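User: I have a multi-chain model open and would like to go through the contacts with you. Could you start once it is on the screen?

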Amino acid sequence: MTDGMALLGPALGLSAILFSIGVAGVLLRRNVIVLFVCIELMLNAVNLSFVALAQLHGASGQVMVFFVMTVAAAEAAVGLAIILAIFRHHQSVDLQNINLLRG
Amino acid sequence: MNRIDLASPVGVAIALLPEILLTGWALIVLLVVSWRHRTAQDSRLAGWLSLVGLLFSGAALAALWVGGASPDGLPQMVALDPFRYGAAAIALLAAAGTVLISLGYLEREGLIAPEYYPLVLLATAGMMFLAGAEDLIVLFLGLEVMSVAVYVLAGFDRTDPFSSEAALKYFLIGAFASGFLLYGIALVYGAAGTTNLSIIGAQLSGRPIPMMAALGLGLLLIGMGFKISAVPFHMWAPDVYDGSPTPVSGLMATGVKAAAFAALVRVLMEAFPSAVGLWQPVVAALAIASMTVGNLTALAQRSLKRMLAYSSIAHAGYMLVAVWAGTHAGAGAVLLYLLAYGLTTLAAFGLLTALGRGGERDVTYDDIAGLAGARPAIALGLAVCMLSLLGFPGTLGFIGKWYILSAVVAEGQMILPVLLVLTSVLSAGYYLPVIMSMYMRPSPGADRHAAVGLSPTAAGAIAASVVAVVLLGLWPSGLLEVAGASARTLTQTALPLAGP
Amino acid sequence: MTAFLDSIGYGQWILHALVVLPLLGVVPVLLGPEASAKRTALLVTSLELILSLGLWWALDPGRGTLQLVSNTPWIPGWGISYRVGIDGISLVMVLLTTLLMPISVLGSWRYITRQERGFYALMLALLTGLVGVFIALDLFVFYIFFEIMLIPMYFIIGIWGGPNRLYAAIKFFIYTMAGSLLMLVAIVVLVWRVQAVTGYLSFSYDHLLTNAGAVGPLAPWLFAAFAVAFAIKVPIFPFHTWLPDAHVEAPTAGSVLLAAVMLKIGTYGFLRFAVPFFPQVALSPTVSRIVVVLAVIGIVYGALVAMVQPDIKKLVAYSSVSHLGFVMLGIWGGTVQSVQGSLMIMISHGISTGALFLLIGMIYERRHTREIADYGGIARVVPVFSLIFTVVVLSSIGLPGLNGFVGEFLVLLGSFSAYPLATVIATTGVIFAAAYLLWALQRMIYNRLDKPENERLSDLNGRELALMTPLLIGIVWLGLYPEPVLRRMEPATRRYLQLTQPGAAAPVAAAGPTIEVRP
Amino acid sequence: MIASRWVWLAVALPLAGFLVNGALALRRAPATRAVSIVGPGVLLAAFAVSIGVFAGLLGRPPHEPHIVTLWPWMTAGALRIDLAFQVDQLSAVMLLVVTGVGSLIHLFSVGYMREDPGYARYFAYLNLFVVFMLVLVLGANFPVLFIGWEGVGLCSYLLIGFWFTEEANANAGKKAFIMNRIGDFGVLVAMFFLWRELGTLNFAEIAARAPGALEQGGTIVTLITLFIFLGCTGKSAQIPLYTWLPDAMAGPTPVSALIHAATMVTAGVYLVVRTNVLFAMAPLSSAVVAGIGALTAIFAATIALRQYDIKKVLAYSTVSQLGYMFLAVGSAAFAGGIFHLATHAFFKALLFLGAGSVIHAMHHAYHATHSHEDAQDMRNMGGLREHMPVTFWLMAIATLAIAGIPPLSGFFSKDEILASAFARGAEMPIYYVYYALGVLAALLTAFYMARLMTMTFLGPNRTGDEERRHLHEAPWIMTGPLLVLGILSAIGGVINLPAFVGGRHALESWLEPVTAAGAAFARVELPHGTTELLLVGGAVLVGVVGLVLGYRATLGRRVATAREAPEEAGLARVLNRKYYVDEIYDAAVVRPVVWLSRVVLWKGVDQGLVDGAAVNGTAKLSRGLGWLGSRVQTGQVGLYVVLFLVGALWILRAVIR
């Protein structure tokens with residue numbers, strides 16, 4: 001069991017880094033689809049940490065990963081549909097000029 | 001008090017009966033809609049069908065509540081206590097209200113897309129899971145089911161760029177926030193070894209909170225902060241409420257907020273009672289920020305819909321003050337305020353549908369000048385809503401605020417109540433002008449308000465909630481008993497896990 | 001008379017009747033035709049007056065304690081019950097309210113021309129609120145009535161007011177609400193602390209009064225909250241700026257009720273709640289000095305600013321600030337004479353200023369202007385109006401022999417021993433009162449009759465004379481023979497002083513048995 | 001004994017008169033006949049009752065005043081104030097003077113005001129005035145006296161501004177009331193002191209408790225008496241609150257006679273005598289009272305020298321004579337003060353009524369020829385002796401009386417005052433100065449009275465040839481009362497004949513019970529033997545010299561009519577403009593107060609500071625912040641996420657710590 005533990009620190013570190021990259025992506029990029037991809041990246045980072053922690057506390061961590069993946073998939077479907085609708089109106093996916101609602 | 005054994009599948013089925021019924025019913029309606037979706041009658045049929053579904057689910061919930069169902073042994077995935085039933089009931093009420101208002105609204109707006117109703121049902125099912133979740137996984141799932149459904153509902157009017165923009169913003173920032181929430185769940189799971197709330201509570205109690213659990217708690221707060229639109233995670237709310245169709249805004253302001261707050265209270269009270277020193281200052285800060293920014297920015301709004309959006313941020317602040325108390329009284333206050341705020345805001349959005357067209361974004365204070373002369377009933381309804389939101393005595397809103405004040409003062413806290421009260425005074429600055437322009441200003445044209453009208457179903461729903469707000473405001477003792485009792489059931493019953 | 005009253009169990013149902021009757025009256029007013037609204041309203045308010053007169057005999061003048069107390073549980077979970085009762089002080093205020101209400105209704109006969117049903121319905125709602133405030137003995141119930149009153153007055157000013165009514169209405173509403181919300185927090189904290197010490201959750205006045213000491217170090221903050229809420233209502237100097245706007249813009253009936261009754265809720269609040277609950281804080285040297293200084297400023301400042309007002313209604317509004325400055329000085333005077341004087345001013349100011357506003361309303365109905373400069377020399381054209389106007393002005397100046405003097409004299413006499421310098425400065429208020437009111441009187445009814453419109457003014461008609469007669473009788477009767485009123489208020493004054501004299505912290509065995517502490 | 005129980009009748013009768021006349025005034029049809037009967041009739045009845053009360057008092061033991069309580073007025077805790085009348089020697093005398101002179105003046109008014117449209121209203125106010133004056137005089141405690149005190153102020157306001165259509169008259173009325181009110185402030189504060197120190201406001205109890213409770217000559221008693229005196233200066237027109245009396249001449253002349261000569265203005269003297277024990281216990285205050293009395297006497301006399309309006313001369317003469325009365329009571333000669341009050345009432349009323357009939361005649365003449373000359377300006381009169389012989393001779397008697405020529409009443413009363421001032425000098429040398437001022441004032445008095453008489457009655461007639469034919473004597477209804485007053489002025493001295501002419505100071509002994517309390521502390525022995533004779537001689541000499549100089553000076557110069565009269569110059573101009581005191585008051589007090597309240601308080605503090613900054617300020621601030629908040633809502637998702645992240649980082653930092 002001990003060797004499994006050895007990888008826990010780095011795994012959690014990696015998922016934290018991935019998560020931060022995801023967040024930075026959402027922050028900096030202007031294209032909606034890239035933003036969406038970054039959010040998916042954040043979710044997968046969390047999956048990694050789930051798997052890493054599952055070593056400690058048994059299989060429930062891994063079960064959680066499956067839930068996360070299915071939810072991410074559902075979200076992806078709906079998200080892309082919304083992005084399509086936006087594209088139909090603005091002919092662009094650049095977040096800068098999607099600001100009709102303000103004030 | 002029949003005890004339900006959650007280990008056996010039959011036990012679980014009974015425990016989740018309301019949610020199961022609702023989801024099943026939603027699928028049935030989806031089937032019916034798949035081949036009857038062209039005419040207005042189809043849309044109305046789907047609407048009435050979904051209402052029936054809500055009734056069934058409500059009946060099941062009542063059976064559980066009246067039967068006093070409680071878990072035999074450790075509560076597994078979903079809590080079986082009146083607090084869940086109460087929150088779920090509010091969610092059902094909100095959904096029923098939204099459906100009743102939407103019946104007339106969709107037809108008038110030419111949105112003949114009956115799949116609107118199954119989405120509402122599914123969103124409500126999500127809310128009920130979220131409100132009743134005893135396990136972080138179920139909490140996450142409930143949250144996502146609700147959110148995805150509401151994302152689509154927000155962008156329901158495809159032809160209207162505002163609606164799609166609202167959906168996009170809600171989706172992007174929503175997903176972003178659920179990323180944080182999920183990361184929190186992972187860290188808490190890492191620290192406590194389980195995702196069951198009461199077991200987490202047991203694990204963490206008795207020893208200083210480990211770093212990972214603290215981080216987890218922080219991330220959870222961020223995720224939930226977004227859902228209840230607390231400042232500084234609130235930026236999405238005004239635009240999304242403004243852009244999406246008015247009944248959907250109503251649902252978001254009432255149902256979504258109710259489920260989110262119920263979950264937040266349960267997580268904080270059951271999972272992190274020992275970490276009170278940690279989360280109380282954060283909640284206090286969020287509360288103060290929301291109350292001040294929400295009320296101040298609402299002052300500058302000309303459109304009624306955006307004013308109601310900012311006011312919902314302010315009310316989130318008031319409820320966060322109750323959450324800060326961290327006691328059963330606080331939980332009771334949140335539950336009651338959710339009902340009070342829910343009923344009033346739903347009626348307000350409902351009345352707003354009467355006043356405008358196409359998303360009612362352009363309905364300003366001047367548009368409703370002299371409405372009292374033309375439409376006395378609608379004007380009176382809106383006036384009562386404004387007074388209840390203001391927390392004026394004689395309305396349920398006042399009883400809600402009073403309950404929050406008593407809960408928080410009982411903890412010896414003075415600054416938060418005074419801030420709550422002072423920001424309420426600010427709110428008079430944008431609630432009263434609504435009443436003033438309706439009653440005290442002459443209507444510009446004779447037939448200026450000819451177009452103002454409500455469909456019978458919407459009128460019925462709104463009238464019911466307005467009357468409820470006043471009656472419960474005058475005779476609140478029954479309601480207060482129920483809220484207090486259901487809050488007291490939020491106790492951490494589990495024993496710590498053996499082992500590491 | 002008392003035998004007759006006891007025979008019909010008057011004591012048990014009267015207080016509830018006085019609150020419910022106007023509400024019941026609202027229904028026929030709203031449902032009936034527009035024209036008959038005012039008649040129904042007059043009928044209901046007159047009935048209310050007749051019913052309330054019985055209180056004069058029903059109250060046993062011997063005991064200073066709260067009488068006719070009735071207690072019906074309302075929200076048992078929070079220890080809230082609909083608890084009502086009266087003593088000398090509230091008796092007099094209720095009678096003043098029920099007397100002025102039919103008079104104001106009669107006074108707006110011709111003044112209110114549109115949406116009459118709404119107006120008279122709101123007037124009846126206002127009557128309920130006003131009576132309720134004075135008889136409530138449960139802090140929750142008191143707070144509800146204290147706030148509920150705002151709505152009718154807000155609409156009365158807002159809908160039937162003058163050109164600048166919106167600003168005046170919202171300013172009035174927010175100003176008063178801000179104060180009362182602070183009081184709300186104070187009430188909640190008080191009840192919580194008392195419950196923590198006595199273990200018994202209740203909002204009842206007696207319970208809180210006897211155990212108010214439980215608040216300990218929080219007392220100054222709580223007193224401050226109560227004091228601010230009532231100071232805005234009185235109004236005391238820095239919080240008074242809503243009054244002139246509200247008075248000028250309100251219709252006659254609104255101004256009459258605002259000045260005659262609603263301002264007294266502030267002073268009544270001090271007498272009933274703020275000072276008795278926290279006597280050490282209220283009567284401590286620093287707080288007393290602040291209040292007395294503000295009161296004296298109010299008197300002199302109010303009078304001086306009134307002197308230069310071009311608009312007669314604003315002038316009377318500032319004169320109210322000045323008069324109520326006397327009341328505050330009297331309350332803190334700390335002697336039986338000064339407190340009795342305050343109560344007398346509360347009544348006589350109600351009658352005199354009520355009468356003044358009614359008269360201004362009448363002349364406004366004819367001439368449609370409130371600028372003093374637009375009048376002049378009308379004594380020859382409208383002799384009856386001028387005579388009544390002079391008498392009422394003289395009573396406001398405090399001419400001995402009329403009602404204004406009794407109150408002011410007692411206040412100054414009583415407060416002299418405690419605050420000699422302040423009282424002397426306050427007495428100069430007597431000079432300024434003469435100056436500004438006489439100057440206005442002269443510019444309005446004497447001087448040259450040089451404006452053609454003034455020549456066609458019609459003198460008071462039967463209705464107007466009818467509604468002025470009770471007030472004139474009151475002015476002269478209270479001026480020359482205030483004895484019965486003073487006798488009925490004295491026990492309550494004594495009890496107030498017992499409760500508030502420093503060192504009276506322990507529950508006081510009042511003259512009679514106090515109403516039982518636990519219901 | 002029984003009679004004094006009916007004293008309330010004396011008050012009730014004029015009150016009834018007021019109500020009847022008031023009702024008649026409100027009715028359109030002028031009921032002059034009814035009013036002429038009710039008005040004076042009621043007064044005569046009241047006079048009869050007063051005589052009854054006076055007679056009743058004779059039979060009573062002197063030292064018990066008879067308190068008639070009508071009903072309990074104000075009771076609060078230990079304070080018990082009843083509406084009660086006190087009938088004792090002092091109030092009996094005042095009762096007689098007020099109702100007596102009052103009746104005569106009412107009769108005179110019947111003639112004088114006959115053509116005036118407000119005839120009924122005039123008599124209503126006059127009756128009301130008598131009611132309040134009687135309440136003042138009969139009051140058994142300070143508050144009841146105060147009812148009368150302010151009541152008379154009210155009536156003088158109404159009567160001065162009787163012809164209110166003229167703004168000047170209304171202003172004069174208002175000025176009178178407000179100045180009275182400033183005085184009343186003093187009386188009020190004195191009451192509070194008395195209540196705090198003695199625990200009572202009843203005169204009888206004050207006299208009883210004062211010696212014990214108050215330290216003689218102490219600050220408390222001095223303060224009380226000074227505040228009382230402040231009230232008196234307001235009511236009896238002494239420096240500094242006298243400027244309202246000359247303006248009060250705007251009212252009808254009988255009003256000036258009754259209110260501003262005989263009764264109301266003497267209220268101050270009455271109050272000092274009524275509270276003589278306090279003044280006796282406070283020598284410093286007495287000195288102040290006497291000082292201001294003397295100062296006012298000389299000051300007013302100088303102004304009277306250069307006045308051309310006949311009523312203004314008499315007004316300043318009244319102010320001066322009142323100064324004498326205060327000089328008397330200031331030197332503890334309380335009875336002397338009352339004596340001069342009575343005699344002054346007679347001859348000053350006579351002078352005013354005389355002037356009234358002169359003005360009446362002049363009005364008649366100018367009215368006949370439709371000319372708009374000033375009927376009150378002496379420069380338009382002259383030589384009226386032939387046209388109005390009766391008025392001339394009666395006014396001559398009054399002039400001699402006021403100048404202090406024996407054996408007329410003025411001589412005795414004025415001489416006693418000067419003597420007592422001189423006697424008081426022994427204890428406090430300052431009184432010698434007052435004595436000197438008194439004598440000088442007597443000289444000036446004689447001078448201006450002589451000037452008035454010569455300008456009006458002697459020398460060439462300047463009214464104008466046409467008008468002269470219409471000048472004739474006043475009807476008997478007006479000259480009748482003059483006659484009675486003439487007789488009283490002549491023999492008035494009898495009521496207090498001094499020893500050196502064989503009299504036994506009747507009035508002084510009559511008032512002894514009232515002044516006994518004061519006498520215990522400050523008794524004045526009038527000088528006897530040679531000094532007395534010297535003083536008397538000196539006074540008479542001064543009187544005669546004044547008269548002669550006055551006559552000579554006026555007759556010598558040719559007096560131009562008002563229209564062509566040259567502008568005054570130098571000192572004469574200053575005197576004519578009454579030392580510009582009114583203008584100084586206006587500039588120093590009235591205008592700054594009005595400016596302060598308008599600019600500083602109302603616009604500055606009220607609208608600017610409290611309303612503008614505090615109230616509307618917070619409203620604007622919150623709206624501004626709100627506007628800022630909505631600007632931040634740019635609609636850019638990027639910004640939303642940034643803010644989201646800032647919040648997230650803050651929470652994480654808070655949670656970790």
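User: Before we start, what kind of model is this?

Analyst: This is a predicted model, and the values I give you are computed from it.

User: Okay, chains first. Which pair shares the most contacts?

Analyst: Of the five pairs of chains in contact, chains C and D share the most contacts. Chain D contributes 52 residues to that contact and chain C contributes 64 residues, and the area buried between the two is about 5300 Å², with carbon and sulfur atoms giving 72% of it.

User: Which residues of chain D supply more of that area than any other three?

Analyst: They are Phe164(D), Arg181(D) and Phe192(D), which together supply 13% of the area that chain D buries against chain C.

User: And how many salt bridges are there between chain D and chain C?

Analyst: The count between chain D and chain C is two salt bridges. A salt bridge that joins side chains of these chains is the one where Lys171(C) meets Asp611(D), at 2.5 Å from N to O.

User: How many residues does chain D bring to its contact with chain A?

Analyst: Chain D brings 10 residues to that contact, and chain A brings 10 residues. About 800 Å² is buried between chain D and chain A, 64% of it given by carbon and sulfur atoms, and the count of salt bridges between these chains is zero.

User: What about chain A and chain C, how far apart are their closest C-alpha atoms?

Analyst: Those atoms lie 25 Å apart, and no contact joins chain A and chain C.

User: Switching to helices. In chain D, how do the axes of α4 and α16 cross?

Analyst: The axes of α4(D), residues 89–112, and α16(D), residues 334–368, come within 11 Å and cross at roughly 5°. The two helices are therefore roughly parallel to each other.

User: What classes of residue make up that contact?

Analyst: By class, the contact of α4(D) with α16(D) has 16 nonpolar, four polar and no charged residues. On the α4(D) side the residues include Leu90(D), Val93(D), Met94(D) and Phe108(D), and on the α16(D) side they include Ile338(D), Leu341(D), Phe346(D) and His360(D).

User: Back to charges, how many salt bridges does the structure hold over all chains?

Analyst: It holds 39 salt bridges over all chains. One of them is in chain B, where the side chains of Arg44(B) and Glu107(B) meet at 2.1 Å, N to O. That pair links distant parts of the chain, with Arg44(B) in helix α3 and Glu107(B) in helix α4, 63 residues apart.

User: Are those two buried or partly exposed?

Analyst: Arg44(B) is partly exposed, with a relative accessible area of 29%, and Glu107(B) is partly exposed as well, with a relative accessible area of 34%.

User: What does Asp311(C) pair with?

Analyst: Asp311(C) forms a salt bridge with Arg370(C), and their closest N and O atoms are 3.4 Å apart. Asp311(C) sits in the loop between α14 and α15 of chain C, whereas Arg370(C) sits in the loop between α16 and α17 of chain C, 59 residues apart. Asp311(C) counts as buried because its relative accessibility is 9%, and Arg370(C) counts as buried at 13%.

User: And Lys175(D), which residue does that one bridge to?

Analyst: Lys175(D) forms a salt bridge with Asp582(D), the closest N and O atoms being 2.8 Å apart. Asp582(D) lies in helix α25 and Lys175(D) in helix α7 of chain D, so the pair ties together parts that are 407 residues apart in sequence. Asp582(D) is buried, with a relative accessible area of 15%, whereas Lys175(D) counts as partly exposed at 23% relative accessibility.

User: Last topic, Arg361(B). Where is it found, and why does it count as buried?

Analyst: Arg361(B) is found in the loop between α14 and α15 of chain B, and it counts as buried because its relative accessibility is 18%, where buried means under 20%. Leaving aside neighbours within four places in sequence, Arg361(B) is in contact with Leu101(A), and within chain B with Asp160(B), Phe162(B), Asp242(B), Gly243(B) and Ser303(B).

Key. Residues are numbered from 1 along each chain as its sequence is written. Chains are lettered from A and ligands numbered from 1 in the order in which they are written. This is a predicted model: local features need pLDDT of at least 70, side-chain atom pairs count only at pLDDT 80 or more; totals for chains, interfaces and linings use all residues. Side-chain values use heavy atoms; hydrogens and water are left out. Helices (H or I, at least four residues) and strands (E, at least two) are DSSP runs, numbered from the N terminus. Buried means under 20% relative accessible area, exposed over 50%, partly exposed in between (1.4 Å probe, protein chains only). Contact means heavy atoms within 4.5 Å. Axes are lines fitted to C-alpha atoms, for helices over the stretch in contact, and angles run from 0 to 180 degrees between N-to-C directions. Angles under 35 degrees count as roughly parallel, over 145 as roughly antiparallel, 65 to 115 as roughly perpendicular and the rest as oblique. Ala, Val, Leu, Ile, Met, Phe, Trp, Tyr, Cys and Pro count as nonpolar, Asp, Glu, Lys and Arg as charged, and the others, Gly among them, as polar. Buried area is the accessible area (1.4 Å probe) that two parts lose on being put together, summed over both. A salt bridge is a side-chain nitrogen of Lys or Arg within 4 Å of a carboxyl oxygen of Asp or Glu.
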